[in-house]
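Please consult the sequence and coordinates alongside the text.

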Amino acid sequence: MRNSATAGVARSHSLAKIISRRRFLAGLGTFIVGSGGYAYGIEPHRVTVVKRDLEIPSLPLDLDGKLLVQISDLHLGPTGRDYLLDCFRQVEELRPELIVVTGDWMTSRDTEVVDRVGELMRQLVRPPLGIFGTLGNHDYGPTWRNKRIADELAVALSDAGVNVLRNQTADVAGLQLIGMDELWAYQFLPEQALATYDPQRASLVLSHNPDTLDRGGWGSYQGWVLSGHTHGGQCKVPFFRPPYLPVDNPRYTSGEFDLGDGRRVYINRGLGYNRRVRFNARPEITGFTLRRVDRLV
């Protein structure tokens, strides 16, 4: 009788283990399917608005407290127009004085998306100080090096009222706004972009790829750099680094980084995508309130 009872208990334990394993596998399957549905169907369009200060030494008093909005990596083509127009409405609700776009306006095989980018940008409200931007690697076509495509895009953006800075500096109400051209296209020429840079005046750099910060040619520049390109890794497990980043320096994920030499970079996670999937790396609109300081600390 004792052996029979023991065998019965063993069978019960074995059955319980089988049921527990099945429940675990079923739960795991549900989690995987649910996570995949969220990563494809929800998060790619679940925009977050990040609000923070941007301290700039010697900032003109007229700009102190004004709002600068950064957007990046629109990737019109795989990213839909209606979604981007909704993003533009969110930008408009912030009432910015100045808008900057840090590259990758489109993803295309050739120039077939160029006119659509121009038409899209005409829908974005013109803030008092204008819209400025730089180019990214995808703006140079699928090889990232086709200057003809980038040149046509730059013309379309200019016709749409966007000031495209390609290794150039613009004066924006006393702020030196410096735009670097694209690293992967071999068009990154910091000495040219900084040719008229005055370290005694307020300045801000736009550079699509944060890897440019590790290249030479920056001279005496100190201050903020606004970048994009990484999409925040696009998919990452919480508390871990993204498994893939399109940069040489794995430090450059998203958010703020102090380079320790007087330069700081803010990396925007972007709005669009080449493949419609995001997980724990929501698309981002960044609203910077400009603040005048004596020096960065």
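The following paragraphs describe a sheet and then a pair of helices.

The model is predicted; local features need pLDDT of at least 70, side-chain atom pairs count only at pLDDT 80 or more, and totals for chains, interfaces and linings use all residues. Residues are numbered from 1 along each chain as its sequence is written, and side-chain values use heavy atoms, with hydrogens and water left out.

**Sheet**

Six strands, in the order S1-S12-S2-S3-S4-S5, form an open sheet with mixed pairing. Helices (H or I, at least four residues) and strands (E, at least two) are DSSP runs numbered from the N terminus, and two strands pair if DSSP finds at least two bridges between them. Strands S1 (48-57) and S5 (162-164) are the edges, each pairing on one side only. On average, neighbouring strands of this sheet are turned by 25 degrees against each other, direction ignored. Strands S3 and S4 run parallel and are joined by 4 bridges; Val101 has Gly133 in S4 as its bridge partner.

**Helix pair**

Helices H3 and H4 pack at an angle of about 25 degrees, with their axes 8 Å apart. They are therefore roughly parallel to each other (angles under 35 degrees count as such). The residues in contact (heavy atoms within 4.5 Å) are tabulated below.

| Helix | Residues in contact |
|---|---|
| H3 | Val114, Val117, Gly118, Met121 |
| H4 | Glu152, Leu153, Ala156, Leu157 |

By class, the contact of H3 with H4 has 6 nonpolar, 1 polar and 1 charged residues.

Note on methods
Axes are lines fitted to C-alpha atoms, for helices over the stretch in contact, and angles run from 0 to 180 degrees between N-to-C directions. Angles under 35 degrees count as roughly parallel, over 145 as roughly antiparallel, 65 to 115 as roughly perpendicular and the rest as oblique. Ala, Val, Leu, Ile, Met, Phe, Trp, Tyr, Cys and Pro count as nonpolar, Asp, Glu, Lys and Arg as charged, and the others, Gly among them, as polar.
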